Amino acid sequence: MDLSKMSKEEKRHLVETQGFVQGDVWGGPRKKRYYTPDGRVVYKPPSEREFQRLDKNGKVVEQGIRDANYDEGLLDTMPTELKLYCRWCDKWHDTEQQIEDCKAKQKKLETWGMEMARRMHPKDFEKADKMAEFEDRLNKQDEKLDAILKAVGGKR
Ligand SMILES: [Zn+2]
């Protein structure tokens, strides 16, 4: 496809039918139009990867270039049934329950990651722990002071 030899009309046709963005046809970064499963339109450069499929004798039966953006869940047409965007894994799920499950899973991973980090770099956490402890103590004293002031009828 030689874009420089195409007429304006042909280019416009390409933009409308192939989902290419004008910046692509008229220069600039090459981007494509995708739809997210939750129904948004995004423009991003295609993430092209070469792929090869081998038969059991190791002979190439299929090869070409595929767009890894589709593996991420992006679509080339507007989805008819919208999915829910999940901010925990940056992907999409069918139900709220699945998002809740995903959140629980991510939180668990996070906690586990923190525990591992603590075990491997305890020194880095000493200061943060001390600060948290100090803050905690201040808060408690604040509460006590509030209680005392309330008891004597004053206001802070
Ligand atoms: Zn998720």
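## Helices, hairpins and exposure in a predicted chain

The model is predicted, and its mean pLDDT is 85. Of the residues in the chain, 83% reach a pLDDT of 70 or more.

**Overall layout**

The chain holds 5 helices and 6 strands. From the N terminus on, the elements run α-α-β-β-β-β-α-β-β-α-α. Helix 2 (residues 22-25) has the lowest mean pLDDT, 52. Strand 5 (residues 84-86) has the highest, 95. Where pLDDT is low, the predicted coordinates should not be read in detail.

Of the 156 residues, 2% count as buried. Contacts can also be sorted by sequence separation. Among those with a separation of 6 or more, 24% link residues 24 or more positions apart.

Helix 4 has 25 residues. From its first C-alpha to its last, helix 4 reaches 36 Å, close to the 36 Å expected at 1.5 Å a residue. Helix 5 (residues 122-151) can be checked in the same way. Its 30 residues should span 44 Å at 1.5 Å a residue, and the end C-alpha atoms are 43 Å apart, so the two values agree. Helix 5 is hardly covered: the count of buried residues among its 30 residues is 0. Gly153 follows helix 5 and has a positive phi, near 80°.

**Two hairpins**

Strand 1 (residues 32-35) and strand 2 (residues 41-44) run antiparallel and are joined by 4 bridges. They form a hairpin with 5 residues between them. Gly39, in the turn, has a positive phi of about 90°. Within this pair, Arg33 has Tyr43 of strand 2 as its bridge partner. Tyr34 stands opposite Val42 in strand 2. In a regular strand the side chains alternate between the two faces of the sheet.

Strand 3 (residues 48-54) and strand 4 also run antiparallel, with 7 bridges joining them. Glu48 has Asp67 of strand 4 as its bridge partner. This hairpin has 5 residues between the strands, and Gly58 takes a positive phi near 85°. Strand 4 (residues 60-67) is hardly covered, with 0 buried residues among its 8.

The table sets out the bridge partners named above.

| Residue | Partner in the other strand |
|---|---|
| Arg33 | Tyr43, strand 2 |
| Glu48 | Asp67, strand 4 |

**Arg53, on strand 3**

Arg53 is found in strand 3. Is it buried or exposed? Arg53 counts as exposed, because it has 9 C-beta neighbours inside 10 Å and the cut-off for exposed is 12 or fewer. Leaving aside neighbours within four places in sequence, Arg53 is in contact with Val61, Glu62 and Gln63. Gly64 is 11 residues from Arg53 along the chain, and their C-alpha atoms are separated by 9.2 Å.

**Tyr85, on strand 5**

Tyr85 lies in strand 5. Tyr85 has 17 C-beta neighbours inside 10 Å, so it counts as partly exposed. That count falls between the cut-offs, because a buried residue needs 20 or more and an exposed one has 12 or fewer. Beyond its neighbours within four places in sequence, Tyr85 is in contact with Asp38 and Trp92. Ile99 is 14 residues from Tyr85 in sequence and 8.4 Å away in space, C-alpha to C-alpha.

**Asp90, in a loop**

Asp90 sits in the loop between strand 5 and strand 6 (91-93). Most residues other than glycine have a negative phi. Asp90 has 9 other C-beta atoms within 10 Å, so it is exposed.

Notes:
Residues numbered from 1 in each chain as written. Expected span 1.5 Å × (residues − 1). pLDDT = per-residue confidence, 0-100. Pairing = 2+ DSSP bridges. Contact = placed C-beta atoms within 7 Å.
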